[in-house]
Amino acid sequence: MQILARLCMTADGYVTTPDGWPPQVIDPVHGPGSHGIADFLKTCEAALMGRTTFEPALTADRWPWPDLEVFVLGSHRPEGTPDDVTVDDDPERLLAKIRAANRGGDVHLIGGPGTIETYRALGVLDKLELVVLPFLVGSGMRLTDSLSSQTGLEFESSRPLDGGAVEIVYRVLPHH
Ligand SMILES: NC(=O)c1ccc[n+]([C@@H]2O[C@H](COP(=O)([O-])OP(=O)(O)OC[C@H]3O[C@@H](n4cnc5c(N)ncnc54)[C@H](OP(=O)(O)O)[C@@H]3O)[C@@H](O)[C@H]2O)c1
């Protein structure tokens with residue numbers, strides 16, 4: 001099992017729009033499986049995210065993770081959370097639950113930056129995958145608002161995606 005943080009970033013370095021949405025939602029090519037996510041999810045069996053990232057799914061038109069077990073880091077269980085979603089306020093206890101449920105597949109750490117930093121600081125983040133979107137938004141949240149700028153990265157691969165985005169995969173180096 002690997003823990004793979006993967007998120008979309010605008011060409012000017014923001015991981016949200018000015019009003020707090022993941023920037024891929026305003027990309028004209030956005031849809032189920034877009035931005036290379038269908039390929040990426042082939043090795044994944046679980047989704048891990050912070051409560052802030054999770055909550056909009058409760059009012060979305062369709063459940064975003066139909067094929068994944070969902071784990072949420074947060075201090076309370078948001079109203080309407082489906083019974084099969086695991087919520088815990090302790091990052092290490094939540095990780096133990098993910099490991100206990102694991103059948104060999106990878107974990108998509110969706111974000112946000114706060115939750116990515118939490119698992120990086122625990123030394124369990126295996127990769128950081130960025131999908132750089134071909135547009136600018138001018139303001140929003142940066143990955144390094146929370147993620148340590150000391151995070152060591154080693155290039156693994158890159159590929160162009162439909163719609164002009166570029167996927168860049170980095171291995172996260174163990175911190176000293
Ligand atoms: N660009 C992308 O692809 C992408 C992907 C995902 C998210 N996003 C964006 O990222 C933004 C949210 O990021 P965020 O960093 O503010 O929030 P987040 O990581 O989604 O959630 C933060 C929450 O997770 C819990 N948490 C995180 N670390 C913890 C720790 N060490 N111990 C206990 N609980 C912990 C806390 O929940 P409690 O408050 O309940 O205690 C905290 O408030 C959203 O605007 C979203 O749109 C973008």
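In what order do the eight strands of the open sheet run? The order is β4-β3-β2-β5-β1-β6-β8-β7, with mixed pairing; strands here are DSSP E runs of at least two residues, helices are H or I runs of at least four, and both are numbered from the N terminus. Two strands count as paired if DSSP finds at least two bridges between them. The edges go to β4 (86-88) and β7, each with a single partner strand, so one side of each has no neighbour in the sheet. On average, neighbouring strands are turned by 25° against each other, direction ignored.

A word on the model: it is predicted, so local features need pLDDT of at least 70 and side-chain atom pairs count only at pLDDT 80 or more, while totals for chains, interfaces and linings use all residues. Residues are numbered from 1 along each chain as its sequence is written, and side-chain values use heavy atoms, with hydrogens and water left out.

Back in the sheet, β1 (residues 3-10) pairs with β6 in the parallel sense over seven bridges. Leu-7, for one, has Leu-130 in β6 as its bridge partner. Helix α3 (residues 91-101) packs on the sheet and touches β1, β2 (44-50), β3 (69-73), β4 and β5 (106-111), contact meaning heavy atoms within 4.5 Å. The direction of α3 makes about 170° with that of β3; axes are lines fitted to C-alpha atoms, for helices over the stretch in contact, and angles between N-to-C directions run from 0 to 180 degrees. Helix α4 (residues 113-121) also packs on the sheet, touching β1, β2, β3 and β5, and its direction makes about 135° with that of β5.

As for the ligand, 26 residues surround it, the closest being Cys-8, Arg-51, Thr-53, Gly-114 and Thr-115 (a heavy atom within 4 Å is what counts). A backbone N or O atom of Cys-8 sits 2.7 Å from a ligand nitrogen atom, and an N or O atom in the side chain of Thr-118 lies 2.9 Å from a nitrogen atom of the ligand. Of the 930 Å² that the ligand exposes when taken alone, the protein buries 78% (Shrake-Rupley areas, 1.4 Å probe).

Then there is Thr-151, placed in the loop between β6 (127-133) and β7 (153-160). At 17% relative accessibility, Thr-151 counts as buried, the cut-off being under 20% with a 1.4 Å probe and protein chains only. Leaving aside residues up to four places away in sequence, Thr-151 touches Arg-120 and Val-172.

Key. Buried < 20%, exposed > 50% of the residue type's maximum accessible area, 1.4 Å probe, protein only. Polar contact = N/O pair within 3.5 Å; in protein donor to acceptor, adjacent residues only side chain to side chain.
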